[in-house]
Amino acid sequence: VLDEVHRRARDLTTCRRRIEADLGLGPTETIVTHFRSHEDRMLTLDPAIRAESQAQVIRSARAAAPGARVVVKIHPKEGAAERALIASIDDGVVIADATTDTLDLIGASDTVIGTFSTTLLHSVALDRPTISAMLWPGLEYWRRGTDWSGVERCDDGAALTAAIRRNLSDD
């Protein structure tokens with residue numbers, strides 16, 4: 001994987017072109033991408049809280065960048081139920097699945113959002129603005145799992161909106 005990250009880092013333009021073709025995005029569109037974690041494995045995490053945190057990520061992205069394309073990449077172990085959840089929150093969200101190359105999507109994104117995942121490390125390595133949205137009450141101890149240089153951490157919707165806005169305006 002590290003060799004692939006290095007190769008993509010040297011050619012982010014190709015990543016962008018492949019994602020534009022794969023997801024039907026335009027060359028000048030701002031892309032804000034949320035990479036979902038496989039949350040079903042979190043047995044102590046209430047499904048209603050998971051759904052609300054997903055909705056908050058989408059609301060924050062929309063508020064921070066009203067003209068941006070919001071992409072949600074579902075985890076490879078997720079399927080129809082998660083796609084339906086995302087579509088029910090906002091039917092304008094582009095849903096990417098396992099057929100969309102993760103490293104290309106990271107490289108094409110103007111901002112990457114996750115909870116805790118190696119995709120956040122890959123995002124930092126590809127020099128993409130990277131945000132960890134830890135919106136799960138009572139599970140703050142997971143926050144240590146993203147205590148890496150280059151990852152901005154947010155604990156609520158207002159902080160996430162501000163972080164997205166700030167990262168998109170940085171040059």
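I began with the largest cavity, which is lined by His-34, Arg-36, Glu-39, Ser-53, Gln-54, Val-57, Thr-115, Ala-133, Leu-135 and Trp-136. This is a predicted model, in which local features need pLDDT of at least 70 and side-chain atom pairs count only at pLDDT 80 or more, while totals for chains, interfaces and linings use all residues. Residues are numbered from 1 along each chain as its sequence is written, and side-chain values use heavy atoms, with hydrogens and water left out.

I noted the terms: on a 1 Å grid over the protein atoms alone, a cavity is a set of points where a 1.4 Å probe fits but cannot get out, a pocket is an open set with protein on both sides within 12 Å along at least five of seven lines, and lining residues have an atom within 4 Å of a point. Grid points are joined across faces, edges and corners, and a volume is the space filled by probe spheres set on the points.

I found 1 cavity of 30 Å³ or more. The largest cavity has a volume of about 50 Å³. Its lining divides into 4 nonpolar, 4 polar and 2 charged residues (nonpolar: Ala, Val, Leu, Ile, Met, Phe, Trp, Tyr, Cys and Pro; charged: Asp, Glu, Lys and Arg; polar: the others, Gly among them). Helix 3 (residues 47-64) gives the largest share of this lining, 3 residues; helices are DSSP runs (H or I, at least four residues) numbered from the N terminus.

I then turned to the largest pocket, which holds about 200 Å³ of space. It is lined by 14 residues, of which Arg-36, His-75, Pro-76, Ser-117 and Thr-119 are the closest to its centre.

Next I looked up the packing of helix 3. Helix 3 and helix 7 (residues 157-169) pack at about 45°, with axes 8 Å apart (axes are lines fitted to C-alpha atoms over the stretch in contact, and angles run from 0 to 180 degrees between N-to-C directions). Helix 3 is therefore oblique to helix 7 (under 35 degrees is roughly parallel, over 145 roughly antiparallel, 65 to 115 roughly perpendicular, the rest oblique). Residues of helix 3 including Val-57 and Ala-61 meet residues of helix 7 including Leu-160 and Ile-164, where contact means heavy atoms within 4.5 Å.

The axes of helix 3 and helix 4 (residues 80-89) come within 10 Å and cross at roughly 50°. Ala-51, Gln-54, Ala-55 and Ile-58 of helix 3 make the contact with Leu-85, Ile-86 and Ile-89 of helix 4. I recorded 6 nonpolar, 1 polar and no charged residues there.

Key: Helices (H or I, at least four residues) and strands (E, at least two) are DSSP runs, numbered from the N terminus.
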